[in-house]
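Biologist: Hi, could you walk me through this model? I have it open and would like to go piece by piece.

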Amino acid sequence: MAELGSKGVTAGKIASNVQKKLTRAQEKVLQKLGKADETKDEQFEQCVQNFNKQLSEGTRLQKDLRTYLASVKAMHEASKKLTECLQEVYEPDWPGRDDTNKIAENNDLLWTDFHQKLVDQALLTMDTYLGQFPDIKSRIAKRGRKLVDYDSARHHFEALQTAKKKDETKIAKAEEELVKAQKVFEEMNVDLQEELPSLWNSRVGFYVNTFQSIAGLEENFHKEMSKLNQNLHDVLLGLDKQYSGNAFPVKAQPSDSTPAKANKSPSPPPDGSPITSPETKTVNHELESSTLEAPGASIPKSPSQSSLPAVVVETFPATVNGTVEGGASSERADMPPGFLFKVQAMHDYTATDTDELQLKAGDVVLVIPFENPEEQDEGWLMGVKESDWIQHKELDQCRGVFPENFTERVQ
């Protein structure tokens, strides 16, 4: 019998819940259709909006904090690999060997400590802060359901009171249900009316504490890391002094202050080869081309050499690496007017303007002078592909400029 009683209670509770859901659904439909009024509380609705905003901001902060921690961990691993590489290349007989090992060990400990403190003082606090939202969100939803129950009971009671044929028994029962529904709703409503504003105001202190913790941890971390870096710098300085005769040659880079024309700026070749100075090339080219001039003739000046005195060329032909430059006149008979020398493209070059040559690695280019030397930009040459010249013998349609550092001189 007890079992049947238990089943009966369970079945009755299920039926009651089903009936409540149906009643709520009907009430909501009537409210949406405007056939039933709805109890409104604008102050509470504002609290709910604040709650949803606070939850959204907190969730985003938690996500970004986890991403930050993942980055710290990745940086720790990268730093560890780098110091391990230093330990491997640092030979046993070099001074400061033990110091580098100690620095590497302290570096690893510092990263580990930084990550763990971020977890303890920021992430766990973040998780605790967000942990209170699910329960409150559930209670807000439940309050909404109880409000619908209250409105439904109120409308039912009012309908019985205004009916033409009144049933006092039904009215009394409806009134009892109304009082019960109102009590349940108001108890939940009062609690949330107190908690939601308090939770909303707590966000300020939480954000302050969280970001202060992160900032403080970062500050201490970088201070300690700076000390380790200074120690490593001093160790390597000692190594450099002992082996000062084996200095590593660093190639000079082009100066940012060097003036350049705005319309052309040569790009570096794919392999990172340095850009060859065009001034040196200009002098050599003019010396080589001047062998065809009459004895005593002066070399034409480029824009970058306008202040240099004229140079008189000897009557004997110029040579490069023991080879007579220029050769017999018949050797240049088939070359374009003003031909200077040949270059071969070492890398592909994609033209970015109509006056540029499109180059493929291996292309041979016949270099010729600019018609107006002042139009020549630093690092660029004028030329025509040898294959185009052989086929067309026409400069106007085939010539173009190209970056000198993409090519290598072959003749």
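Modeller: Happy to. One term first: two strands pair if DSSP finds at least two bridges between them. Also keep in mind that this is a predicted model.

Biologist: Got it. Which residue stands opposite alanine 345 in S7?

Modeller: That is threonine 407. The two strands involved, S3 and S7, pair in the antiparallel sense, over three bridges.

Biologist: And what order do the strands of that open sheet have?

Modeller: Reading across, the order is S6-S5-S4-S3-S7, so to speak a five-strand open sheet, with antiparallel pairing.

Biologist: Which ones are the edge strands?

Modeller: Strand S6 (400-403) and strand S7 (407-409) are the edges, and each of them pairs on one side only. As for twist, the average is 50° from one strand to the next.

Biologist: Back to S3. Is strand S3 enclosed by the rest of the structure or open, and why?

Modeller: It is largely enclosed, because four of the five residues of S3 (residues 341-345) are buried. Buried here means under 20% relative accessible area.

Biologist: How many bridges join S3 and strand S4?

Modeller: Four, and S3 and S4 (residues 364-368) run in the antiparallel sense. Glutamine 344 has valine 364 in S4 as its bridge partner.

Biologist: And what about S5 and S6, how many bridges do they pair over?

Modeller: Strand S5 (residues 380-385) pairs with S6 over four bridges, in the antiparallel sense. If you want a spot to look at, leucine 381 stands opposite phenylalanine 402 in S6.

Biologist: Nice. Let's switch to the helices. At what angle do H2 and H5 pack?

Modeller: Helix H2 (residues 42-89) and helix H5 (residues 168-242) pack at about 15°, and their axes are 10 Å apart. That makes the two roughly parallel, since angles under 35 degrees count that way.

Biologist: Is the crossing of H2 and H5 left-handed or right-handed?

Modeller: Left-handed. Sorted by class, the contact of H2 with H5 has 18 nonpolar residues, six polar ones and four charged ones.

Biologist: What about H4 and H5, at what angle do their axes cross?

Modeller: Roughly 150°, and the axes of helix H4 (residues 133-162) and H5 come within 8 Å. H4 and H5 are therefore roughly antiparallel to each other, as angles over 145 degrees count as such.

Biologist: Is H4 passing H5 in a left-handed or a right-handed crossing?

Modeller: H4 passes H5 in a left-handed crossing. The contact of H4 with H5 has 18 nonpolar, four polar and eleven charged residues.

Biologist: Now single residues. Where is histidine 76 found, and is histidine 76 buried or exposed?

Modeller: Histidine 76 is in helix H2. Its relative accessibility is 11%, so histidine 76 counts as buried.

Biologist: What is histidine 76 in contact with, leaving aside its neighbours within four places in sequence?

Modeller: With those neighbours set aside, histidine 76 is in contact with Asp108, Trp111 and Thr112.

Biologist: Last one: what is phi of lysine 393?

Modeller: Phi is near 55° there, which is a positive value in a residue other than glycine. Lysine 393 is found in the loop between helix H7 (386-392) and helix H8 (395-398).

Biologist: What is the relative accessible area of lysine 393?

Modeller: For lysine 393 the value is 43%, so the residue is partly exposed.

Biologist: Great, thanks for the tour!

How values were computed:
Residues are numbered from 1 along each chain as its sequence is written. This is a predicted model: local features need pLDDT of at least 70, side-chain atom pairs count only at pLDDT 80 or more; totals for chains, interfaces and linings use all residues. Side-chain values use heavy atoms; hydrogens and water are left out. Axes are lines fitted to C-alpha atoms, for helices over the stretch in contact, and angles run from 0 to 180 degrees between N-to-C directions. Angles under 35 degrees count as roughly parallel, over 145 as roughly antiparallel, 65 to 115 as roughly perpendicular and the rest as oblique. A crossing is left-handed if the near helix is turned anticlockwise from the far one by less than a right angle, and right-handed if clockwise. Ala, Val, Leu, Ile, Met, Phe, Trp, Tyr, Cys and Pro count as nonpolar, Asp, Glu, Lys and Arg as charged, and the others, Gly among them, as polar. Buried means under 20% relative accessible area, exposed over 50%, partly exposed in between (1.4 Å probe, protein chains only). Contact means heavy atoms within 4.5 Å.
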